Amino acid sequence: MEFFAEESCGQCFPCRRGTATLLDGVHKLAAHQCSLTYLKELEALGACMQKACKCGLGQSAPNAFLDIVQHHRDEILRSR
Ligand code: SF4
């Protein structure tokens, strides 16, 4: 997420704001400070970015995050 946040050109809002917000979410997950509500908001944001971002960078930026949440949801929620 640091890569995508750094490489976002800032032209469209979903990517410019979304990459920064997902990066913040990753930090919160790593610090075990992510509530279930916030996790759901991040997933919705990622799904929105896949559709609303203007180019492939923004559209693919949430993919790894969404895959990790999808496949490791139980571990993530247990570690809160
Ligand atoms: S999606 Fe593409 S055009 Fe939009 S801010 Fe990101 S890098 Fe720029």
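Just after helix 2, H32 adopts a positive phi of about 60°. Helices here are DSSP runs of H or I with at least four residues, numbered from the N terminus. The model is predicted: local features need pLDDT of at least 70, side-chain atom pairs count only at pLDDT 80 or more, and totals for chains, interfaces and linings use all residues. Residue numbers start from 1 along each chain as its sequence is written.

Helix 2 itself covers residues 13–30, 18 residues in total. From first C-alpha to last it reaches 25 Å, close to the 26 Å expected at 1.5 Å a residue; the expected span is 1.5 Å times one less than the number of residues. Its buried residues (20 or more other C-beta atoms within 10 Å of their own, with C-beta atoms placed from the backbone) are P14, C15, G18, T19, L22, G25 and L29. These pack against helix 1 (2–7), helix 3, helix 4 (56–60) and helix 5 (63–78), where contact means C-beta atoms, placed from the backbone, within 7 Å.

Helix 2 and helix 4 each supply at least two residues of the shell around the ligand. That shell consists of S8, C9, G10, Q11, C12, C15, R16, C53, K54, C55, L57 and G58, each with its backbone-placed C-beta atom within 6 Å of the ligand.

Helix 3 spans residues 36–52 and contains Q50. Q50 counts as partly exposed because it has 17 C-beta neighbours inside 10 Å, between the buried limit and the limit of 12 or fewer for exposed residues. Leaving aside neighbours within four places in sequence, Q50 is in contact with Q59 and P62. The C-alpha atoms of Q50 and L29 are separated by 21 Å.

Note on methods. Contact = placed C-beta atoms within 7 Å.
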